[in-house]
Amino acid sequence: MHVQTHLLSGWCIANYLDLSPRERLFAMVAAAAADVDGISRIAGEEAYWRWHHTVGHNLWFGLIVSILLAAFSSRRLYSMLLYLGLFHLHLLMDYYGSGPGWHIHYLWPLRGAILTNPNAWEFYSWQNLTIFAGLLVWTVWIALRNGRTPLEALMPSLDAKIVAWLRRNFGYRRAADGHSAVRRSNASQADLDQTH
Ligand SMILES: [Zn+2]
């Protein structure tokens, strides 16, 4: 599946957990890290088919990435399990959405546990595009509701500009603003009642 889809999957889930901006960034890294073996494409198509879904798409790589990211997170065990879970979400998404013929060598370089989905859909398929579009809409909703985008930790000023632009163009008002407006109007009504 496309790397941007993996990144957004980590982002959307991280926003429903009690995490810092850096930990939300790490969640995106954990969700996409397996695709580091896609770099093998530089060495040609044959190398890509040989190494992609092996070097990065295995349990050991997932453990190393998760432990490393957790070392720089606040609650280490909790973070490690979260990152490892997101890493496996990547494998699950690839199992369905990386196109027919891909194998995931889950215990690479050990033998065995080679996962192949006989019903995998095409890489450029409506399923993959729909999942990406769904995650993108979800990301916009998070920006409107929580006031942050996947850029928050790396480019905070651009992040703030995008949030402001989205809120302006989608006519979004936070629920808290609505409540305080209601409270204000109730209070002024009470003032009026007292004066009568
Ligand atoms: Zn992948």
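Reader: What percentage of the 196 residues in the protein chain is buried?
Author: This is a predicted model, in which local features need pLDDT of at least 70 and side-chain atom pairs count only at pLDDT 80 or more, while totals for chains, interfaces and linings use all residues. Residues are numbered from 1 along each chain as its sequence is written. A residue is called buried if 20 or more other C-beta atoms, placed from the backbone, lie within 10 Å of its own, exposed if 12 or fewer do, and partly exposed in between. By that count, the buried part of the 196 residues in the protein chain is 26%.

Reader: In what order do the elements of the protein chain run from the N terminus on?
Author: Helices (DSSP runs of H or I, at least four residues) and strands (runs of E, at least two) are numbered from the N terminus. The protein chain has 8 helices and 2 strands. Read from the N terminus on, their order is α-α-α-α-α-β-β-α-α-α.

Reader: With which residues is Leu86 in contact, leaving aside its neighbours within four places in sequence?
Author: Two residues are in contact if their C-beta atoms, placed from the backbone, lie within 7 Å. Once neighbours within four places in sequence are left aside, the contacts of Leu86 are Gly10, Ile13, Ala27, Ala30 and Ala31.

Reader: Is Leu7 exposed or partly exposed?
Author: Leu7 lies in helix H1, and beyond its neighbours within four places in sequence it is in contact with Met28, Ala31, Ala32 and Pro150. Because Leu7 has 19 C-beta neighbours inside 10 Å, it counts as partly exposed.

Reader: How far apart are the end C-alpha atoms of H6?
Author: The expected span of a helix is 1.5 Å times one less than its number of residues. The 21 residues of H6 should therefore span 30 Å, and this agrees with the separation of its end C-alpha atoms, 29 Å.

Reader: Within what arc do the buried residues of H6 fall?
Author: The buried residues of H6 are Asn128, Ile142 and Ala143, whereas Trp126, Leu129, Thr130, Ala133 and Val137 are exposed on the other side. The arc is taken from the directions that lead from the helix axis to the C-beta atoms. The buried residues line one face of H6, because seen down its axis they fall within an arc of 100°.

Reader: At about what angle do H6 and H7 pack?
Author: Axes are lines fitted to C-alpha atoms, for helices over the stretch in contact, and angles run from 0 to 180 degrees between N-to-C directions. Angles of 65 to 115 degrees count as roughly perpendicular, under 35 as roughly parallel, over 145 as roughly antiparallel and the rest as oblique; H6 and H7 are therefore roughly perpendicular to each other. Their contact is made by Val140, Ala143 and Leu144 of H6 and Ile162, Val163, Leu166 and Arg167 of H7. With the axes 9 Å apart, the two helices pack at an angle of about 95°.
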